[in-house]
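This report is meant for a reader who has not seen the structure before. Please look at the sequence and the model first.

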Amino acid sequence: MISLVWGIVALLWMVLAFIPLLGWGNWFLIPFAAVGAIVAAVGLLFTRAGNRGRAKAGLLLNVAVIVVGVIRLGLGGGFV
C-alpha cells in the first residue's frame, strides 16, 4: 500500500515536472520513485502470492515514473 501511494505522489510530481522550466524536478523525482520501487520489491518478497496486487501496481507505477523521468531529462539535456 505504501509503494502505491508513493507511486501516485511520484506520478503527480512527474506531471508537475513536465511544465517548462520545472524539468529540474526530475533530478529529485527519479531517486524518490526508486525508493518507492524498492519498497514495492520488498513488499513483493514478503507478501503471499494472492495479496501482491498493490505491490505489483506500486512497482509498475514507480518504474514507469522513473522511465518517463529519464526520457524527459534526456530530451531536455538534463536542465529544462
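The sections below go from the model as a whole to single helices and residues.

## Model and confidence

This is a predicted model, in which local features need pLDDT of at least 70, side-chain atom pairs count only at pLDDT 80 or more, and totals for chains, interfaces and linings use all residues. Residues are numbered from 1 along each chain as its sequence is written, and side-chain values use heavy atoms, with hydrogens and water left out.

The average pLDDT (the predictor's confidence in each residue, from 0 to 100) is 87, and 98% of the residues score at least 70.

## Overall layout

The protein has three helices and zero strands, where helices (H or I, at least four residues) and strands (E, at least two) are DSSP runs, numbered from the N terminus. Along the principal axes, the C-alpha atoms fill a box of roughly 45 × 15 × 15 Å.

Of the 80 residues, 30% are buried; buried means under 20% relative accessible area, exposed over 50%, and partly exposed in between (1.4 Å probe, protein chains only). Contact means heavy atoms within 4.5 Å. Among contacts with a separation of 6 or more, 71% join residues 24 or more positions apart.

## Helix H3

Helix H3 covers residues 53–76, 24 residues in total, and spans 34 Å from its first C-alpha to its last, close to the 34 Å expected at 1.5 Å a residue. That expected span is 1.5 Å times one less than the number of residues.

The buried residues of H3 include Ala55, Leu61, Val65 and Leu73. The buried residues of this helix pack against H1 and H2. Just after H3, Gly77 has a positive phi of about 75°.

## Met14 in helix H1

Met14 is found in helix H1. Its relative accessible area is 9%, so Met14 is buried. Leaving aside neighbours within four places in sequence, Met14 is in contact with Leu29, Val65 and Val68. Leu29 is 15 residues from Met14 along the chain, and their C-alpha atoms are separated by 7.0 Å.

## Ile38 in helix H2

Ile38 lies in helix H2 (residues 25–45). Ile38 counts as exposed because its relative accessibility is 55%.
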